[in-house]
Amino acid sequence: MKYLTVVLHLLILSLLISVVVTARAETIDELYPAVNTFFPQADRFDELKGKPPAAAVYQGERLLGYAYLTGDVIRIPAYSGHPINTLVGFDLAGQIVGIRIVEHQEPILVVGITEERLQQFARQYQGKSVFDDVVIGSGVAGQVAIDSISGATITVMVENATLTRSVRRVAESRGLAPPALPTVTKTEVASVEQQAPVSPSAGKAGDTKASRASTTVKSKSSTGVAAVEEPIWKGVWRKRTFQIAVLVAGLAFLTLVLVFQDWLAKRPRLLVYVRDGFLLYTVFFIGWYSLAQLSIINVITFVHSFMHGFQWEGFLIDPMMFILWSFVAVTLLLWGRGIYCGWLCPFGALQELTQQLARRFGVKQREFPEMMHERLWALKYIILLGLFGISLQSLTQAERLAEIEPFKTAITMRFQREWGYVLFAAGLILVSAINRKFYCKYLCPLGAALTIPGKFRIFDWLRRHRECGRPCQVCAAECEVQAIRKNGEINANECHYCLDCQVTYWNDHKCPPEVDRRKRRGRSVRARELALGMESAFGSTGLDDVGVRGEPGQEGCSGCPQSTK
């Protein structure tokens with residue numbers, strides 16, 4: 001019994017000690033030692049407290065400034081759907097003295113952007129005022145511009161908004177005031193009110209409008225900060241008006257191509273110019289200029305967003321990707337996967353153009369036997385399932401393994417990466433010179449993902465003859481992505497909608513059914529010409545009685561009485 005009492009007392013003592021230790025909140029320097037470099041002269045850090053939470057920093061009894069985590073103040077979903085958490089420190093003069101990104105799940109930053117480049121971007125904020133209007137890229141008068149990271153534009157824009165908004169809130173809550181703005185004169189207020197004139201019939205509504213204009217000026221002069229913070233995506237959409245207009249115009253043109261595909265297929269030379277021109281547009285504008293290369297990471301992020309709380313702002317923040325994904329969603333239901341893979345994928349277009357260039361130089365094309373081809377194209381579905389399964393355990397690990405996609409290297413980062421990644425992407429492009437779109441056919445998890453909603457397509461606009469595959473094999477033999485089966489059926493899961501088979505369909509010198517129809521038409525025309533020739537040679541001879549010119553009772557029949565006309 002004595003031993004039991006001793007053990008019981010020891011357990012109670014251990015419990016009390018753990019409670020006391022737990023009750024003591026860790027200070028910010030214990031949680032994040034990097035904050036010590038922000039305030040080298042500091043000897044004491046408080047715990048995170050207040051509203052919004054921040055830690056006071058001291059040298060003896062002298063207050064030096066504050067440190068905080070952006071995740072405790074504002075949480076703006078970035079490209080991955082998760083916020084970027086950043087450690088920030090500023091002094092009592094309102095100057096940012098240190099900044100370090102401590103947590104993120106951005107795919108572009110997981111692989112492709114080194115830690116040093118990321119921290120180098122963050123260090124640009126040091127020395128800036130907490131009240132500065134910081135913008136990415138070029139700015140206007142009154143704004144402070146900093147450099148972006150190539151290939152991570154959306155991520156750094158989210159980081160910029162997160163940082164500038166949060167640091168301003170923390171500074172104002174601790175009593176820091178922005179620099180005084182020039183006093184607003186009555187004349188300036190009157191000029192603002194003139195922008196919202198009050199009509200005699202407006203009554204109270206007009207008074208309210210003028211009052212709001214005055215209040216806006218007053219608010220800015222007293223705080224230096226707009227009362228309402230605009231969503232980030234709205235500002236991004238305004239800055240990318242030109243890109244949006246060109247993309248929408250290109251998608252409208254592609255829609256016309258698809259609607260009038262039969263008319264174009266009957267004019268193969270024109271179709272070649274249209275298709276090659278659009279592929280160049282896809283590579284240079286959609287890909288290398290706008291960096292709007294879709295990825296399997298987009299699909300995985302979208303699925304995870306639905307699983308853990310969907311927010312539109314995270315997807316609206318990149319207008320090019322949002323518009324492109326919206327268009328792809330519509331075309332998946334109307335035409336299937338082939339529209340994106342065959343026309344709008346920058347890396348796919350790069351492979352296509354490479355193959356065409358190789359053919360011009362006489363490079364011999366190689367294709368796998370049908371049995372091997374059907375085994376190989378299953379690989380992309382296995383890769384898709386593997387990436388999705390891994391993402392359920394670790395989204396970061398899935399993003400690393402998604403480097404099976406060469407898109408980031410070849411398109412997003414324009415081959416400006418470590419030599420291993422460049423070698424992999426370049427190797428796939430070179431393989432496509434002898435085997436049309438090798439990567440798309442056998443390895444692309446994004447293409448595999450697009451086949452799933454593509455199963456529900458409404459229309460089947462690719463024309464086929466009854467004779468296709470029974471016994472005609474012309475299209476099946478010519479389809480270099482091997483999407484036409486021996487029975488003549490087009491495998492929509494693998495079709496890239498290049499329209500080559502449609503050109504053959506309307507070609508009456510190549511497609512056997514069309515050749516037969518052309519010959520029959522030719523024989524009919526020739527028979528009529530011979531009949532007319534005999535009529536002119538023999539006149540109204542006995543040929544009229546056998547109905548060369550017509551049957552009795554028909555107009556123009558020389559053997560019929562005139563009264564029958």
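**Close-up 1. Asn 85 sits in strand E4 of this predicted model.** Helices and strands here are DSSP runs numbered from the N terminus, with at least four residues (H or I) for a helix and at least two (E) for a strand. Asn 85 is buried, at a relative accessible area of 13%. The cut-offs for that word: buried means under 20% relative accessible area, exposed means over 50%, and partly exposed is in between, using a 1.4 Å probe and protein chains only. Leaving aside residues up to four places away in sequence, Asn 85 touches Tyr 32, Leu 69, Thr 70, Gly 71, Ile 101, Val 102 and Glu 103. A contact is heavy atoms within 4.5 Å. This is a predicted model, where local features need pLDDT of at least 70 and side-chain atom pairs count only at pLDDT 80 or more, while totals for chains, interfaces and linings use all residues. Residues are numbered from 1 along each chain as its sequence is written, and side-chain values use heavy atoms, with hydrogens and water left out.

**Close-up 2. An open sheet of 5 strands runs in the order E1-E2-E3-E4-E5, with antiparallel pairing.** Two strands pair if DSSP finds at least two bridges between them. At the edges are strand E1 (44-45) and strand E5 (96-103), each pairing on one side only. Helix H5 (residues 153-173) packs on this sheet and touches strand E3 (62-69), E4 and E5. The direction of H5 makes about 45 degrees with that of E4; angles run from 0 to 180 degrees between N-to-C directions, and axes are lines fitted to C-alpha atoms, for helices over the stretch in contact.

Close-up 3. Strand E2 (residues 55-59) and E3 are antiparallel and joined by 5 bridges, with Ala 55 partnered by Ala 67 in E3. Between E2 and E3 the hairpin has 2 residues, and Gly 60 takes a positive phi near 70 degrees there. E3 then pairs with E4, again antiparallel, over 5 bridges. For Ala 67, the bridge partner in E4 is Gly 89; for Gly 89, the bridge partner in E5 is Gly 98. Strand E4 (residues 85-91) and E5 run antiparallel too, with 6 bridges. E3 is mostly covered, as 6 of its 8 residues are buried.

**Close-up 4. The largest nonpolar core has 62 residues.** The term covers a set of buried Ala, Val, Leu, Ile, Met, Phe, Trp, Tyr and Cys residues joined through side-chain atoms within 4.5 Å. Tyr 340, Leu 344, Phe 347 and Tyr 497 touch the most other members. Helix H11 (residues 268-289) supplies the largest share, 8 residues. Apart from this core lies another, of 39 residues, with Ala 54, Val 73, Val 88 and Phe 131 among them. In soluble globular proteins, nonpolar side chains tend to be buried together.

**Close-up 5. Tyr 497 and Gly 338 touch each other.** Beyond residues up to four places away in sequence, the contacts of Tyr 497 are Leu 258, Gln 261, Arg 275, Trp 335, Gly 338, Ile 339, Trp 343, Trp 461 and Leu 462. Gly 338 lies in helix H15 (residues 338-344) and is buried, with a relative accessible area of 3%. Counted the same way, Gly 338 touches Trp 343, Cys 495, His 496 and Tyr 497. From C-alpha to C-alpha, Gly 338 is 8.9 Å from Gly 447, although the two are 109 residues apart in sequence.

**Close-up 6. Helix H18 (residues 379-393) crosses helix H23 (residues 445-454) at roughly 90 degrees.** Their axes come within 8 Å. On the H18 side, Lys 380, Tyr 381, Ile 383, Leu 384 and Leu 387 meet Pro 445, Ala 448, Ala 449, Thr 451 and Ile 452 of H23. The residues of this contact split into 8 nonpolar, 1 polar and 1 charged. Here Ala, Val, Leu, Ile, Met, Phe, Trp, Tyr, Cys and Pro count as nonpolar, Asp, Glu, Lys and Arg as charged, and the others, Gly among them, as polar.
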